[in-house]
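Subject: Structure handover

Hi,

Here is the structure I promised to pass on. Have a look at it first, and then read on for what turned up.

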Amino acid sequence: MNKIGCGNIEEAISVLKGGGYVAFPTEASYIIGVKGMKNALTIYSSLSKALSEINLGPIGRILANKLWPGPLILRSGKKFITVSSYPCTKKLIDGMEGKLSAIYLGNAATLNDLLSLVRESLYSLSLAIDDGEVKFRKGYTVVKVEGYVYRMLVEGSIPFDLIERIIREGIA
């Protein structure tokens, strides 16, 4: 596996388009990108693109409008969705037409953290973008949303009490 910097995004795009796995940073964790994997996390490069493709319902839209881009994953039906504006990642996702399938193995604040998780998984990386530590070290907060119903699944960088407050204020 080769490591590259953010200046070589075209190489990472080429690897992804060829079916390879690429590790890259987001606001909340290093994750693994792969082209077109079903039932994987989908990362969008803009809020508008995500909202135009996915019906998140009223609660999901409130959270998305307030917290994206950022360390929040929303689960709607079987889909897991987030938006990243992390500079390196945004370039990569834009090069993949605005969205990218990804595998989130858990909180990995650095590339070395992710590589440790990869060693314990079935995935084999083709390339890694090394861009230092991520901004939010506690990983992603994951919330399931359906209409006016929501359920907290994983507490990460965004505390559940903040999620609750945002929803209450958004509905009021």
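Is Ser29 buried or exposed? At 0% relative accessibility, Ser29 counts as buried; the cut-offs are under 20% relative accessible area for buried, over 50% for exposed and partly exposed in between, with a 1.4 Å probe and protein chains only.

Before the rest, some housekeeping. This is a predicted model, where local features need pLDDT of at least 70, side-chain atom pairs count only at pLDDT 80 or more, and totals for chains, interfaces and linings use all residues. Residues are numbered from 1 along each chain as its sequence is written, and side-chain values use heavy atoms, with hydrogens and water left out.

Back to Ser29, then. You'll find Ser29 in the loop between strand 2 (22-25) and strand 3. Helices (H or I, at least four residues) and strands (E, at least two) are DSSP runs, numbered from the N terminus. A polar atom of the Ser29 side chain lies 3.0 Å from the backbone nitrogen of Ala108. Leaving out residues up to four places away in sequence, Ser29 touches Phe24, Tyr104, Gly106, Asn107, Ala108, Val134 and Tyr140; contact means heavy atoms within 4.5 Å.

Next, the disulfide. The structure holds 1 disulfide, meaning a pair of cysteine sulfur atoms within 2.5 Å. Cys6 and Cys88 are the two partners, at an S to S distance of 1.7 Å. They tie together distant parts of the chain, 82 residues apart: Cys6 sits in the loop between strand 1 (2-4) and helix 1 (9-17), while Cys88 belongs to helix 4 (residues 87-95). The torsion about the S-S bond is about -125 degrees, so the disulfide of Cys6 and Cys88 is left-handed. Cys88 counts as buried because its relative accessibility is 1%.

Strand 7 comes up several times. Spanning residues 99-103, strand 7 is mostly covered, with 4 of its 5 residues buried. Strand 7 pairs in the antiparallel sense with strand 3 (residues 30-34) over 3 bridges, and also antiparallel with strand 4 (residues 41-44) over 4 bridges. Two strands pair if DSSP finds at least two bridges between them.

Which residues are closest to the centre of the largest pocket? First, the size: the largest pocket has a volume of about 390 Å³. It has 19 lining residues, and the closest to its centre are Gly36, Met37, Thr42, Lys99 and Ser101. Strand 4, strand 6 (79-83) and strand 7 each contribute at least two residues to that lining. For the method: on a 1 Å grid over the protein atoms alone, a pocket is an open set of points where a 1.4 Å probe fits, with protein on both sides within 12 Å along at least five of seven lines, and lining residues have an atom within 4 Å of a point. Grid points are joined across faces, edges and corners, and the volume is the space filled by probe spheres set on the points.

Now for the hairpin. Strand 9 (residues 141-146) and strand 10 (residues 149-154) run antiparallel and are joined by 5 bridges, with Lys144 opposite Arg151. There are 2 residues between the strands of this hairpin, and Gly147 in the turn has a positive phi of about 60 degrees. Pro58, in helix 3 (residues 57-67), touches Gly147 and Tyr148, again not counting residues up to four places away in sequence. The C-alpha atoms of Pro58 and Gly147 are separated by 5.7 Å, although the two residues are 89 apart along the chain. Pro58 is partly exposed, with a relative accessible area of 29%.

Last, some backbone geometry. Most residues other than glycine have a negative phi, and most peptide bonds are trans. Asn39 has a positive phi of about 60 degrees although it is not a glycine; Asn39 lies in the loop between strand 3 and strand 4 and is exposed at 66% relative accessibility. Glu97 also isn't a glycine, and its phi is near 65 degrees, a positive value. Glu97 sits in the loop between helix 4 and strand 7 and is exposed, with a relative accessible area of 68%. Trp68 and Pro69 are joined by a cis peptide bond with omega about -5 degrees, and Pro69 is in the loop between helix 3 and strand 5 (72-76).

Cheers

How values were computed:
Polar contact = N/O pair within 3.5 Å; in protein donor to acceptor, adjacent residues only side chain to side chain.
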